[in-house]
Amino acid sequence: MSNRRNALGRGIGALIPTAPAVSLTEAQPRTGEGPAEIPVDAIDANPDQPRRRFEAAELESLSDSIRRHGVLQPVVVRRSGDRYELVVGERRWRASRAAGRETIPAVIADVDSEDRLEIALVENVQRHDLNPIELAHAFSALADTGMTQEEIGNRVSLDRSTVANHLRLLDLPKSLQEDVELQRLSAGHAKALLQVANPERRRLLRDRILREGLSVRAVEQLGRAIAGPVAQRKPKPATAVDPDLQRVIDQLRQRFQTRVRIHSDDRRGRIEIDYFGAEDLERITGMLLGDV
């Protein structure tokens, strides 16, 4: 167990033995002997696979390559009764099935079931194969085993804050998580949207990101501005805003989806409306002038 634990965090190279590959005609491969051909249908998917999305076009392209050149890198499996269970290489396994292969080169690793997720996660992180939401779910699963955020970061060679920021993405509704998975929103945009607790305001800001192509910085500024009274700094009693005036400010903020301030005294005052970039200015002036 200790040798296996030392291998975690170093990727597939720590799992594949250095012994020469056995002949492809040998019948039953033994653990630790190197790659051998295993029937594709004798392998089951990894139930802890951190990848949740397998793009059909990518799989088809890989299948075409496998038909022409074969599988260039073996998958990693573990024994599970009289069958095998994938540890690393599900995309290659799926593509091999689609290509009509009867066998696939595989290394049989001595891996405990509780280590499957960690090894698969490390390998996918090193290949940059996971989207931010897939990473977040994998980190969450590791946290459920009792690992701290710092321990998770050490395992996958990421700092604790990166792990924490990914876990925060799971606080978003499923629709916004899907936006990140489908690359409609970046992780930075999603993190900025977390500032806005009100679901309707958050949805409106999300729509603006897609419609106007707002930068992450602009979304962060807008998020702080439209987060609503709960997220705003409480005013000091000496400078407390009149409740009626505050109600008008809140209505304007919701209307223009940006920060609004009203400065007034007994006789006169002024209204300030923030904007971020030329397109944002055009949007606001259009609303003011009745063009929108």
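**Reading a predicted fold, feature by feature**

Guide: Among the elements of this protein, helix H1 (residues 2-7) has the lowest mean pLDDT, 43, while helix H9 (residues 187-193) has the highest, 92. Here pLDDT is the predictor's confidence in each residue, from 0 to 100, and helices (H or I, at least four residues) and strands (E, at least two) are DSSP runs, numbered from the N terminus. This is a predicted model, so local features need pLDDT of at least 70 and side-chain atom pairs count only at pLDDT 80 or more, while totals for chains, interfaces and linings use all residues. Residues are numbered from 1 along each chain as its sequence is written, and side-chain values use heavy atoms, with hydrogens and water left out.

Visitor: Over which residues is the pLDDT below 50?

Guide: Residues 1-28 are one such stretch, yet in the model they have 49 contacts beyond near neighbours in sequence. A contact means heavy atoms within 4.5 Å. Residues 230-238 also stay under 50, and for them the model has five contacts beyond four places in sequence. Across the protein, the average pLDDT is 77, and 77% of the residues score at least 70.

Visitor: How many helices and strands does the protein have?

Guide: There are 13 helices and seven strands. Of the 292 residues, 41% count as buried. Buried means under 20% relative accessible area, exposed over 50%, and partly exposed in between (1.4 Å probe, protein chains only).

Visitor: On to the sheet. In what order do the five strands of the open sheet come?

Guide: First, the pairing rule: two strands pair if DSSP finds at least two bridges between them. The order is S1-S5-S3-S4-S2, with mixed pairing.

Visitor: Which way do S1 and S5 run, parallel or antiparallel?

Guide: S1 and strand S5 (residues 103-108) run antiparallel, joined by four bridges. Proline 39 has threonine 103 of S5 as its bridge partner, and glutamate 37 has proline 105. S3 pairs with S5 in the parallel sense, over three bridges, and valine 77 is bridged to isoleucine 108 in S5.

Visitor: How many residues of S5 are buried?

Guide: Five of the six, so S5 is largely enclosed by the rest of the structure. Helix H3 (residues 90-98) lies across S2, strand S3 (75-80), strand S4 (83-88) and S5, running at about 125° to S4. For that angle, axes are lines fitted to C-alpha atoms, for helices over the stretch in contact, and angles run from 0 to 180 degrees between N-to-C directions.

Visitor: How do I read the faces of a helix?

Guide: An α-helix has 3.6 residues a turn, so residues three or four places apart point the same way. Take helix H6 (residues 149-156), whose buried residues are Ile152, Gly153 and Val156. Seen down the axis of H6, they fall within an arc of 100°, so they line one face of the helix; the arc is that of the directions from the helix axis to the C-beta atoms. Glu150 and Asn154 are exposed on the other side of H6. Serine 157 follows H6 and has a positive phi, near 60°.

Visitor: Which residues touch the most other members of the largest nonpolar core?

Guide: In soluble globular proteins, nonpolar side chains tend to be buried together. A nonpolar core is a set of buried Ala, Val, Leu, Ile, Met, Phe, Trp, Tyr and Cys residues joined through side-chain atoms within 4.5 Å. Of the 19 residues in the largest one, Leu172, Leu185, Leu193, Leu205, Ile209, Leu214 and Val219 touch the most other members. Helix H8 (174-181), H9, helix H10 (199-212) and helix H11 (216-226) each supply at least two of its residues, and H11 gives the most, five. A second, separate core has 18 residues, including Ile43, Val77, Ile104 and Ile108.

Visitor: What does arginine 168 touch?

Guide: Lys191 and Leu194, not counting residues up to four places away in sequence. Arginine 168 is in helix H7 (residues 160-168), and counts as partly exposed because its relative accessibility is 34%.

Visitor: Where is glutamine 183?

Guide: Glutamine 183 is in the loop between H8 and H9. Its phi is positive, near 65°, in a residue other than glycine. With 71% relative accessibility, glutamine 183 counts as exposed.
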